[in-house]
Amino acid sequence: MRRVRTDVPRLPRWLAGRIGLRGQAPPADEAGHRHATWLELFLDLIFVYALAAVVARLGSDPTPSPNAVLAVIGLFVVIQWAWVGQVFYDTRFDPDDALHRVLVLVALVGAGAMTLGVDEVPESVLLPVGYLIVRGVLLLLYLRARPTSSMARMVTTVYLIGFGSGWLIWLVSLTTSPDLRPMLWVVAMVIELATPWVGARWLNRWPVDDRHLPERIGQFTIIVLGSALASLLFAVPDHPPPHMILTAGLAFLIPAAVWWVYTTFVTTRLTQSHLRGGQAYSYLHIPLGGALLLLGWALGQVVRLVDDDAPRLPLELRLLLAASMVVWTACGLALYWLWTRPSLARLAIAAYGVVSVSVITATVHEPRLMLSLLAAAIVGYAVLLSRRLARASEANPTQEG
């Protein structure tokens, strides 16, 4: 993987020296592998709150409307896309000199505005203004990197045209009525999401860092899982009785099994040599992350209904539970497919996960019983899949190179 030092333009030397930043290379381990910088981890913090604000829009009603769920999914895509854009820049270019830090701190302000604006979409302009700041900084970073090499000019041209077009549409949305803004945002997001695919021919000539990109996307997935756990923990009443502690423990097994499977997959690095431009790998994490966010909220609602001694789970909640776990299972299979065509055993494991979740949510209505069966099914799925991934990793030792 080739990275480019963004040598021009920089902060004046006297100013960079006074603030203790004379230009630093990205940190690497003994083997020379690129890892996340402290600045990248600092950027992640604001997105923790952004995800919390997104899922909070569903409130505490266990029967959310389809429009409410779609709004949360749309906002999640915007938030994750704003984060992913910075990751793809950082994975190809030197991310740690003074001017870069200053620009990313400006982007943090934009991310904060997006977080504050989530509750009042589409009436408030905070979310689009924040998005314009975040993506505007990204465009400036690509302009800054553009002169560094012919390869950089090729890559930045793709991003500047596609992302710049989307940015202009977001800007125009500020001048329209609140009712029309979501339509323009959808058009802008379609253009931006299509850009890496349309430009794949050129972007794949400069592959992403095959250690850094999975690490960073994995860190965002952990943030999403953290938000899911927060939704679950906030549903537990103060001074819970023993049966509520047991209920929360059963619910916890589900995101814990998700974490086990995901980290097992990432550490095997099966897809490491197949990332190329990173489009498929990163895009599959969008529905995967959205599913996990909704799964955490739905599990929290089940815990609340157990605390209320509800005799049945509403259909909407059961559908949301089933859909989120099925989407997670399907995305996991698709990520595996990036490495090789799934074997019959791998397909059978995926089928077990989908069928078991679907049957349980469709036929079991009592909250405690359904939660117990779901936890058992997902833990079983995690055990089977983790063993399969371990065998695949042992049969593919070149990934450790």
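**Entry 1: the second largest pocket**

I started with the second largest pocket, which 18 residues line; Arg211, Pro214, Glu215, Val266 and Arg269 lie nearest its centre. The elements α9 and α10 give two or more residues each to this lining. I noted a volume of about 320 Å³ for the second largest pocket. By class, its lining has six nonpolar, seven polar and five charged residues.

I wrote down the terms here. The model is predicted: local features need pLDDT of at least 70, side-chain atom pairs count only at pLDDT 80 or more, and totals for chains, interfaces and linings use all residues. Residues are numbered from 1 along each chain as its sequence is written, and side-chain values use heavy atoms, with hydrogens and water left out. A pocket is an open set of points on a 1 Å grid over the protein atoms alone, with protein on both sides within 12 Å along at least five of seven lines; a cavity is a set where a 1.4 Å probe fits but cannot get out; lining residues have an atom within 4 Å of a point. A volume is the space filled by probe spheres set on the points, which are joined across faces, edges and corners. Nonpolar means Ala, Val, Leu, Ile, Met, Phe, Trp, Tyr, Cys and Pro; charged means Asp, Glu, Lys and Arg; the others, Gly among them, are polar. Helices (H or I, at least four residues) and strands (E, at least two) are DSSP runs, numbered from the N terminus.

**Entry 2: the largest pocket**

Next I looked up the largest pocket, which holds about 370 Å³ of space. It has 16 lining residues, and Gly74, Leu75, Pro182, Trp185 and Val186 are the closest to its centre. Helices α3 (66-92) and α7 (181-198) each supply at least two lining residues. I counted the classes of this lining as 14 nonpolar, one polar and one charged.

**Entry 3: α10 and its partners**

I then checked how α9 (residues 212-234) and α10 (residues 242-268) pack. Their axes (lines fitted to C-alpha atoms, for helices over the stretch in contact) come within 11 Å and cross at roughly 175°, on a scale from 0 to 180 degrees between N-to-C directions. The two helices are therefore roughly antiparallel, a label for angles over 145 degrees, while under 35 is roughly parallel, 65 to 115 roughly perpendicular and the rest oblique. In contact (heavy atoms within 4.5 Å) I found, among others, Ile217 and Leu225 of α9 and Phe252 and Trp259 of α10. These contact residues divide into 12 nonpolar, two polar and no charged.

The other partner was α12 (residues 315-337), whose axis lies 12 Å from that of α10, at an angle of about 10°. That makes α10 roughly parallel to α12. Ile254, Val258, Val261 and Phe265 of α10 meet Met325, Trp328, Leu335 and Tyr336 of α12. Eight of the residues in this contact are nonpolar, with no polar and no charged ones.

**Entry 4: the cavities**

How many cavities of 30 Å³ or more does the structure hold? I found three. About 130 Å³ of space lies in the largest cavity. Of its 13 lining residues, Val261, Phe265, Gly332, Arg346 and Leu385 are closest to the centre. The largest share of this lining, five residues, comes from α12.

The second largest cavity has about 90 Å³ of space. Its lining also came to a list: 13 residues, with Trp81, Val84, Phe88, Tyr159 and Pro196 nearest the centre. Here α3 gives the largest share, four residues.
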